[in-house]
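I opened the file to look up a few local details. My notes follow in the order I took them.

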Amino acid sequence: MSPDTDTAVPLHTPLNAPLNVHVLDNPVWAALTGSSSTFAETGPQGLAARYVADASPFAALADPEDPRAWADLAALAGPGATVWVTGLPTPPEGWTTEASIPGVQLDGGAVRAEAAPDAVLLGPADVPEMQKLVDLTKPGPFLPRTVELGTYLGIRHEGRLVAMAGERMRPPGWSEISAVCTHPDHRGRGLAGRLIRAVVAAIVERGDRPFLHAAADNTGAIALYESMGFTLRRRPYFIGVRTPDERA
């Protein structure tokens with residue numbers, strides 16, 4: 001279902017959801033039902049959602065323990081489709097786990113916010129160059145409309161984009177820093193750290209708190225983040241699952 005249709009199914013909060021569930025325990029759902037709702041496609045029952053395909057590969061369930069939510073995600077994605085979910089979900093019978101990547105979720109509430117005078121605002125016109133940098137450095141998923149999900153900043157050297165960082169998921173009160181990358185020829189100059197602090201400054205200015213995700217084996221990046229003040233909050237997984245081949 002397109003986010004622009006007038007018949008969009010409302011997204012629901014499950015009635016039996018634990019009251020102590022933190023918004024970052026299900027950040028994709030929180031973002032898609034909040035500030036990123038214009039990028040959301042919803043299941044027929046409103047119990048599952050995903051980003052439009054050219055913005056982010058992630059999908060979410062209102063309650064990962066509710067079989068109805070999984071059925072709704074299957075109806076949304078179609079039979080035999082691969083979708084990516086985060087957290088610690090256990091897919092029901094009929095689903096196939098194709099990939100499971102251990103990750104970390106880091107809280108950036110203690111990171112110093114600081115503007116970067118040499119940073120430039122990046123937008124849709126910069127996407128081809130941003131995509132080349134992402135393809136070279138592989139910081140994680142970056143698609144044609146990812147740049148529309150939040151503020152993206154870059155640093156150029158002799159006109160060429162050599163480093164960038166921006167925002168992706170924005171659950172209420174939080175903003176995820178994403179696509180942090182630096183061209184190999186320009187590493188060791190602190191560019192990533194400067195851009196992260198500048199993105200943090202924009203996040204803090206509007207009253208939100210930064211966080212980020214990283215693959216657990218990306219120890220170099222995690223060491224940088226921890227040196228800046230990020231602290232471990234939880235250890236989710238990034239899971240690629242295939243919907244049942246036939247609709248129930």
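The model is predicted. I read 33% relative accessibility for Pro139.

Next I looked up where Pro139 lies. I found Pro139 in the loop that runs between helix 3 (127-137) and strand 7 (152-157).

Then I listed contacts. Leaving out residues up to four places away in sequence, I found that Pro139 touches Val134, Ala179, Val180 and Cys181.

I also took one distance. Trp95 and Pro139 are 44 residues apart along the chain, and I get 28 Å between their C-alpha atoms.

I noted three strands in an open sheet, ordered 1-2-3, with antiparallel pairing. Which strands stand at the edges? Strand 1 (40-42) and strand 3 (59-61) do, and each has a single partner strand, so one side of each lacks a neighbour in the sheet. I get an average twist of 25° from one strand to the next.

I checked the pairing of strand 1 with strand 2. Strand 2 covers residues 48-51 and runs antiparallel to strand 1, with three bridges joining the two. Within this pair I located Ala40, which stands opposite Tyr51 of strand 2.

Last, I asked which helix packs on the sheet. Helix 2 (residues 67-77) does, touching strand 1, strand 2 and strand 3. I get about 45° between the direction of helix 2 and that of strand 2.

Technical notes
Residues numbered from 1 in each chain as written. Predicted model: local features only at pLDDT ≥ 70, side-chain atom pairs only at ≥ 80, totals over all residues. Heavy atoms only, no water. Pairing = 2+ DSSP bridges. Helix = DSSP H or I, 4+ residues; strand = E, 2+ residues; numbered from the N terminus. Axes fitted to C-alpha atoms, helices over the stretch in contact; angles between N-to-C directions. Contact = heavy atoms within 4.5 Å. Buried < 20%, exposed > 50% of the residue type's maximum accessible area, 1.4 Å probe, protein only.
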